Amino acid sequence: MFRFAVAWFFTATPISLNKLHVQTSVVNCLILYRLTRIRTFCFSALRECVEISKAQKIHSQMIKTSTDSLFFHNHLINAYLRCGEMEDACYLFDEMPVKNVVSWTILIAGFARMGFSAEAISAFSDMHKAYIIPNEYTFVSTLQACSSERVELVFLLQVYSLLIRLGFENNIFLKNAFLTALIRHGLLDEALREFEIKGPSNLDVVSWNAILDGFLKFRVTEIPCFFKKMVLSGINPDAFTFATGLTGLAELLNSEMGVQVHALLIKLGHGGERCAGNALVDMYLKNSRLKDGLKAFQDIPVKDVCSWTKLAAGCLNCGKPFEALKVIENMRFAGVKPNMFTLATGLSACANIPNLDEGQKLQGLMIKLGDEIDVCVKNTLLDLYSRCGSMDLASKVFRSMSDRSVVSWTSMIMGYAQNGHPEEALALFEEMIGFGEKSNHITFICVLYACSQGGYIDKAVKYFSSMSQEHGIAPGEDHYACMVNLLGWAG
């Protein structure tokens, strides 16, 4: 390319030019061509940059070549924000002598994307004070920031008022962002009102999906009716629609409509979508249709950890713990790394059998996952060891836990009681009270059961009386049954 540029230069230059002038022009042409190549490279690299070291290297190259235009500054800020370097991006933004709507929008979008909602709204306010008129892209990012539960509703309404004043009320992307923000603030009725005002014919599948997701969160019983309304309105559901709708039908145990949605899913060509496939598997398995759930699982072309975990959990819910463990084993052979939900399912399956050896293998996977494991998984492990009668192992796990919950304490108390250690059970309960942990009605059932196992009538009466007096827990039928059983055995 450069050779053509030089050739053109000599062809276009009059022969009367002296030699020095020609040489100077050639050098200038070389410099200009080199600078153009560097700037083109910087621009292309910035658009794809996701590593901070590369962004800094490009930044230094821009300084060397005096590439300090507004256009390049905007792309550099965007690169820093994509790399998560908010402080550097803000510093560069503050140093810019001139900022346009793109500069502000990039900053607001970066804040919103990283979850800094307050900073995004503050930047939007500063932009407004600087008399820069926002565009539709600015509003989309700002509405996204306003959808955070940490942001007061008044900011969302103020932003939407400005949006209407500037004539963007018919922008479909902004309508959808506003609906989503309303629902995330728990204002489903207001979102529905806005949805109806705009008119279903003026909305797209994303608008319908936003309302459907709201129903899943707050009013799941309305999902079947709304899904039918969407289809009858001529809106073709997408993968997200199917995933949300099938999740709702799974909660409602509505397999009849689930089968109809499955047929529509195949008809519209979304049978290979993984998110919809996972929801379909869950729907069938929650309705105890194991064969249909397995078929739906096999139809998912690329299975992730969620696919395998839903199948394993479904097998367990259908009373097939051995099949659940087999699914987890096949998952590991397929090279899919389990998560904490997979391990919780596997440990529950081991507890139902019970199978101590398989449980210890899963505990080894727990150790590998490290900080990804939460207290629920550890509680499941406690339950497994208790059911297997291995209270020493259960105690080791319990003592290693830094985040014990009431379930952790209750599981250990019940484990000791069921395995013939009532004294240890009651001692642990006293320790629990000493740590200031709040017990619940299940904890007291376990405590009274331990008293029954040990024949501790006086202690049982004391704990039973303390329920309402000291812990604010009204005794229920199970607590009275424990006391009747204990007193009956004592004659």
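Biologist: Are Phe-195 and Trp-208 buried or exposed?

Modeller: Buried means under 20% relative accessible area, exposed over 50%, and partly exposed in between, with a 1.4 Å probe and protein chains only. Both Phe-195 and Trp-208 are buried. This is a predicted model, in which local features need pLDDT of at least 70, side-chain atom pairs count only at pLDDT 80 or more, and totals for chains, interfaces and linings use all residues. Residues are numbered from 1 along each chain as its sequence is written, and side-chain values use heavy atoms, with hydrogens and water left out.

Biologist: How many aromatic pairs does a search of the whole structure find?

Modeller: A pair of aromatic rings is described by the distance of the centres and the angle of the planes. Rings of Phe, Tyr and Trp (its six-membered ring) pair if their centres lie within 6.5 Å; planes under 30 degrees apart count as stacked, over 60 as edge-to-face and the rest as tilted. The search finds 15 aromatic pairs. One of them joins Phe-93 and Trp-104: the centres are 4.9 Å apart and the planes at 80 degrees, so this pair is edge-to-face.

Biologist: What is the relative accessibility of Phe-93, and what is that of Trp-104?

Modeller: Phe-93 has 5% relative accessibility and counts as buried; Trp-104, at 9%, is also buried.

Biologist: Why is the pair of Phe-195 and Trp-208 edge-to-face?

Modeller: The ring centres of Phe-195 and Trp-208 are 5.0 Å apart and the planes stand at 85 degrees, so the pair is edge-to-face. Ring pairs also link Phe-195, Trp-208, Phe-215 and Phe-226 into a cluster.
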